[in-house]
Amino acid sequence: MSGKPKLYYFNGRGKMESVRWLLAAAGVEFEEEFLETRDQYEKLLQGGSLLFQQVPMVEIDGMRMVQTRAILSYIAAKYNLYGKGLKERALIDMCVGGTDDLMGFILIFPFLSAEDKEKQHAVIVQKATSRYFPVYEKVLKDHGQDFLVGNNFSWADVHLLEAILMVEEKKSDVLSGFPQLQAFKARISSIPTIKKFLEPGSQRKPVPDDKYVETVRRVLHMYYDVKAN
């Protein structure tokens with residue numbers, strides 16, 4: 001294994017995108033191996049690299065890590081993005097968990113039928129504006145700090161910015177009623193490592209297209225339709 005973390009996934013967002021975001025936020029360079037064929041995936045399976053027979057998989061510090069939440073928790077702790085003490089870590093976990101729930105409505109979107117996409121678009125905007133964004137708006141207002149937890153930049157901030165930008169791709173003015181989140185977005189986006197990741201040419205992946213969907217279906221033998229939430 002090289003000194004840099006190595007990410008094994010498709011050339012697209014999916015569950016690995018949050019890992020890219022967190023490594024980039026920490027200022028850590030990483031390598032990627034994109035899965036494009038079933039044979040590549042079978043080789044990882046036969047080699048015992050995929051503990052639960054699924055990706056994402058990340059090689060880091062001599063380990064082959066699977067399970068997205070475990071990977072993210074490790075990176076956050078390693079690079080001091082996991083708060084100070086157990087209470088802050090618990091609050092970060094709560095924020096990340098809520099953001100994950102919102103992201104879940106978006107991650108399945110590319111794999112839906114045209115009819116279900118129309119319905120899911122409305123669900124994403126409704127969930128964001130009525131369930132999740134109001135929570136973070138209140139947290140930021142009550143907390144009175146630049147960040148969601150404590151007074152330091154953390155995994156919770158990175159994850160929320162990623163989610164905000166994903167929802168804005170569905171509805172560009174989705175933050176119009178959330179002034180705290182508008183200011184938060186501007187602040188976090190201006191952090192040098194984040195700013196660099198948001199610039200063209202970074203390892204941030206674009207909105208999933210038909211080619212990405214077809215590759216995932218082919219490699220994973222997904223011969224079924226994903227159902228909308």
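UniProt positions are given here in the numbering of this chain, with feature names shortened, and such annotations may be inferred rather than shown by experiment. The structure is a predicted model, in which local features need pLDDT of at least 70, side-chain atom pairs count only at pLDDT 80 or more, and totals for chains, interfaces and linings use all residues. Residues are numbered from 1 along each chain as its sequence is written, and side-chain values use heavy atoms, leaving out hydrogens and water.

An unreviewed UniProt entry lists "domain: GST N-terminal" for residues 3-83. This span is 36% helix and 20% strand, and its end C-alpha atoms lie 26 Å apart. Helices (H or I, at least four residues) and strands (E, at least two) are DSSP runs, numbered from the N terminus. The annotation "domain: GST C-terminal", also from the unreviewed entry, covers residues 85-209. Here the content is 68% helix and 0% strand, with 41 Å between the end C-alpha atoms.

Ile60 stands opposite Met63 of strand 4. Two residues lie between the strands, and Asp61 takes a positive phi near 55°.

Next comes helix 9. Just after helix 9, His221 takes a positive phi of about 55°.

Notes. Pairing = 2+ DSSP bridges.
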